[in-house]
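Hi,

Here is the structure I promised to pass on. Have a look at it first, and then read my notes below.

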Amino acid sequence: MSTVCIEPLFQRCRRENPRFRLKSLATKPSSLNYSRKPLRNGGSFCNFKSLHGVRPLRAASIDTALFETTDVFFKETFILKRNEVVEGKISIRLNPGKNGENWQLTVGCNIPGSWVLHWGVSYIDDVGSEWDQPPLEMRPPGSVAIKDYAIETPLKKLSSASERDTLHEVTIDFSPNSEIAAIRFVLKDEDNGAWYQHRGRDFEVLLMDYLCEGTNTVGAKEGFGIWPGPLGQLSNMLLKAEGSHPKGQDSSSVSGDLINGFYEEQSIVKEVPVDNSVNVSVKKCPETARNLLYLETDLIGDVVVHWGVCRDDSKTWEIPAAPHPPETKLFKKKALRTLLQSKEDGHGSWGLFTLDEELEGFLFVLKLNENTWLRCMGNDFYIPLSGSSSLPAQSRQGQSEGWGKSERVVSVPTEISGKTAGENEIVSDAAYTDGIINDIRNLVSDISSEKRQKTKTKQAQESILQEIEKLAAEAYSIFRSSIPTFSEDAVLETLKPPEKLTSGTGSGFEILCQGFNWESNKSGRWYMELSKKVAELSSLGFTVVWLPPPTASVSPEGYMPTDLYNLNSRYGSSDELKALVKSFHEVGVKVLGDVVLNHRCAQYQNQNGVWNIFGGRLNWDDRAIVADDPHFQGRGNKSSGDNFHAAPNIDHSQDFVREDIKGWLCWLRKEIGYDGWRLDFVRGFWGGYVKDYMDASEPYFAVGEYWDSLSYTYGEMDHNQDAHRQRIIDWINATNGAAGAFDVTTKGILHSALGRCEYWRLSDQKRKPPGVVGWWPSRAVTFIENHDTGSTQGHWRFPGGKEMQGYAYILTHPGTPAVFFDHLFSHYRSEIASLISLRNRNEIHCRSTIQITMAERDVYAAIIDEKVAMKIGPGYYEPPKGQQRWTLALEGKDYKIWETS
């Protein structure tokens with residue numbers, strides 16, 4: 001199966017009537033497909049594989065005038081918006097200067113787009129692959145500095161390039177006397193935010209012979225010669241034995257023919273939007289009293305219509321009676337497949353279908369190839385055939401108002417049978433479950449019987465209990481990966497927040513601010529610095545602030561804790577922390593402590609030299625470390641989660657460990673005044689232990705970080721991320737809802753939706769939000785960035801320039817939204833403040849209702865609590881007109897928010 005993926009997308013259908021004309025629909029480029037594909041075009045660099053644009057539908061072999069008469073009772077044009085892969089090249093040319101002139105590096109691309117070169121340099125003494133900014137004289141006009149490590153320079157379209165032969169280039173001049181050893185870059189398409197790399201890494205142009213080539217190096221090594229200046233001096237040291245320079249000859253006098261450049265091309269692919277259309281017309285045939293349905297399209301190639309008919313509103317597929325069009329085959333006794341006939345001019349295809357008068361509707365999908373099917377909003381196209389369909393087009397406008405996005409289908413697009421999948425497996429599943437339960441009961445009975453037969457010592461009883469707990473943890477770990485402990489229907493969310501507060505939700509109206517970033521520890525005075533912003537955070541509408549880890553730590557950021565009771569950290573002293581928490585409480589803001597419970601760094605070595613003996617008040621030995629952590633020789637039980645290999649993983653199945661952690665959390669609540677917890681790396685241990693800790697410490701609010709990878713196929717994010725959010729839901733469920741979780745699923749889907757202009761991703765198959773917020777909104781803490789994903793770490797940075805669309809989404813939707821410190825104290829501050837104000841005055845809470853009204857390629861829209869309407873994306877949307885009167889409240893780049901008047 002090819003890795004090239006085409007996501008067909010539909011604009012909402014346009015019906016023809018005397019007052020409406022179909023207009024061309026402008027679109028922006030869509031996503032980048034990162035799969036490498038060899039070029040088929042062997043021509044010059046300025047040629048790329050051209051696209052098939054929308055062509056006018058031309059006359060077919062039948063008399064189409066028959067379908068322009070008054071007998072036509074249905075006529076409709078569907079605009080098909082899909083992505084097509086275009087193949088092109090990136091060129092890299094290094095031109096050596098002559099007679100001491102500057103050298104030139106030219107980077108070009110022959111695919112249309114808004115291209116930007118993101119680049120930096122490495123100097124002679126640099127170690128590793130870190131970037132540095134080039135000197136000012138080396139930066140081309142229009143360059144912009146990116147922090148302190150890179151430059152972004154736009155590629156310019158050459159004036160001589162035609163629309164077909166598009167070429168964008170940028171040239172970097174630099175002196176051979178500089179100390180630059182290499183130039184590194186990636187190419188960015190600002191139309192869709194996609195980054196183009198070389199074999200999964202940065203492009204690297206080496207400027208010195210002695211440097212080692214990597215898999216990402218471009219330019220043949222033998223193409224480089226001896227450099228004058230500082231570069232030449234280092235080259236001379238390596239090549240002296242070969243007599244490259246006669247004695248006394250200066251390196252600057254090396255002959256020019258020793259200095260060579262290179263030219264290299266790299267194949268790339270990019271997905272661009274393509275518009276096609278399908279016309280469907282239906283009329284009565286007076287001679288036969290049957291319906292004639294004419295379908296034509298400008299899609300190129302062999303187009304197959306997979307079709308059937310229905311007799312009522314249930315839209316159950318049936319196979320109609322003959323006659324059938326030519327090239328029609330029966331498919332699994334469930335549907336018919338007709339290969340459309342090519343038009344005489346080769347621009348598209350057509351088909352004519354004869355249907356009985358008593359039929360209610362015509363159902364179909366289009367098949368382009370084995371991997372690409374075109375559907376309508378995940379459903380079959382439906383063409384009404386009954387007499388009621390003869391109403392004027394405007395009378396039926398509402399029937400297709402929701403028609404918008406289509407989706408790629410990789411299997412049979414319809415299922416005629418109405419039986420529930422897996423119906424025959426219910427009995428066997430029940431028997432399997434009963435068998436396991438009976439085995440457990442038998443084990444308990446055996447233990448009970450043994451206990452009656454002989455008296456056990458206390459030590460033996462404890463050993464048995466520990467073994468049972470160990471087996472329970474192992475069983476949970478096994479079942480967690482294969483059998484979900486939660487289903488969507490298991491949680492019934494009430495429409496209003498509960499009167500009784502729970503640690504999983506707080507009041508239900510919480511808005512969280514992360515009060516630090518990855519660099520906050522460097523001043524050593526962060527608590528004092530943040531105290532100056534307490535009143536401001538309160539006035540903006542935040543109800544909860546999340547502070548960094550408070551304990552002494554091997555790493556300055558606090559996530560490798562040692563002595564848990566030592567609260568003098570790189571962020572400040574224990575007294576400064578207490579004063580900061582008190583300041584927040586005085587303005588009505590709750591405070592979360594960032595606690596690391598999964599792992600802890602030991603302070604002493606055992607007899608084997610392994611660091612697994614702890615110090616301080618909690619002076620645990622190696623029994624506190626899980627047995628299956630290979631690096632630290634733990635003597636505890638096996639882990640109930642995933643191991644964090646940088647530090648000893650704590651065995652929470654041990655009684656003494658749990659009692660010590662509960663005591664520590666209660667001490668923090670009393671000593672510091674924390675109101676709740678942000679729980680680090682909760683993937684590492686069973687959520688049932690978290691419930692135990694929450695019951696003991698009774699926090700006002702708690703949220704866990706359950707972060708693992710989303711589902712991808714050939715490097716492209718899958719549309720369905722149910723398995724990913726299920727794992728987060730399972731963890732929340734294991735805590736008995738005592739803690740919420742960061743909605744990593746929603747963040748990941750927002751990345752693809754906004755970064756690749758695929759806003760249809762923001763709706764799941766049931767027209768609900770596709771993240772945790774769609775299944776258990778009261779326990780979902782939504783966010784777009786934090787200290788790990790953004791800041792200076794940048795492990796998973798949100799698409800640049802799209803941040804406010806992300807905040808427009810999470811601050812209007814259910815769940816508990818979290819705002820990142822770096823975004824709040826930036827040029828986004830006023831827009832974020834306006835969104836928080838709108839959320840508060842409309843009383844949007846963690847269980848607010850949501851109705852997704854549009855999820856198409858370039859726009860997503862929803863109505864929340866019937867009071868707020870919002871849209872993100874470059875596409876057009878206005879809230880529906882009716883009893884509600886909508887007023888535009890906020891507007892920014894590619895987002896709008898309305899309120900009811």
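Before the notes, one term: a contact here means heavy atoms within 4.5 Å. This is a predicted model, where local features need pLDDT of at least 70, side-chain atom pairs count only at pLDDT 80 or more, and totals for chains, interfaces and linings use all residues. Residues are numbered from 1 along each chain as its sequence is written, and side-chain values use heavy atoms, with hydrogens and water left out.

Let's start with Asp680, in the loop between strand 29 and helix 8 (687–697). (Helices are DSSP runs of H or I with at least four residues, strands are runs of E with at least two, and both are numbered from the N terminus.) Leaving aside residues up to four places away in sequence, Asp680 touches Tyr559, Asp594, Val595, Val596, Asn598, His599 and Glu705. Is Asp680 buried or exposed? Its relative accessible area is 8%, so Asp680 is buried (under 20%; exposed is over 50% and partly exposed in between, with a 1.4 Å probe and protein chains only).

Now the barrel. It is closed, has 8 strands in the order 24-25-26-29-30-33-34-35, and its pairing is parallel (two strands pair if DSSP finds at least two bridges between them). Strand 26 (residues 590–595) and strand 29 (residues 676–679) run parallel and are joined by 4 bridges; in strand 29, Gly676 is the bridge partner of Leu592. Helix 9 (residues 722–734) packs on the sheet and touches strand 29, strand 30 (701–704) and strand 33 (740–742). The direction of helix 9 makes about 150° with that of strand 33 (axes are lines fitted to C-alpha atoms, for helices over the stretch in contact, and angles run from 0 to 180 degrees between N-to-C directions).

Next, helix 7 (residues 655–671) and helix 8: their axes come within 9 Å and cross at roughly 40°. The two are therefore oblique to each other (angles under 35 degrees are roughly parallel, over 145 roughly antiparallel, 65 to 115 roughly perpendicular, and the rest oblique). Arg658, Ile661, Lys662, Leu665, Cys666 and Arg669 in helix 7 meet Tyr689, Asp692, Tyr693, Ala696 and Ser697 in helix 8.

Last, helix 10 (residues 744–755) and helix 12 (residues 803–810) have axes that come within 11 Å and cross at roughly 135°. That pair is therefore oblique too. On helix 10, Thr746, Leu750 and Leu754 meet Gln805, Gly806, Tyr809 and Ile810 of helix 12.

Cheers
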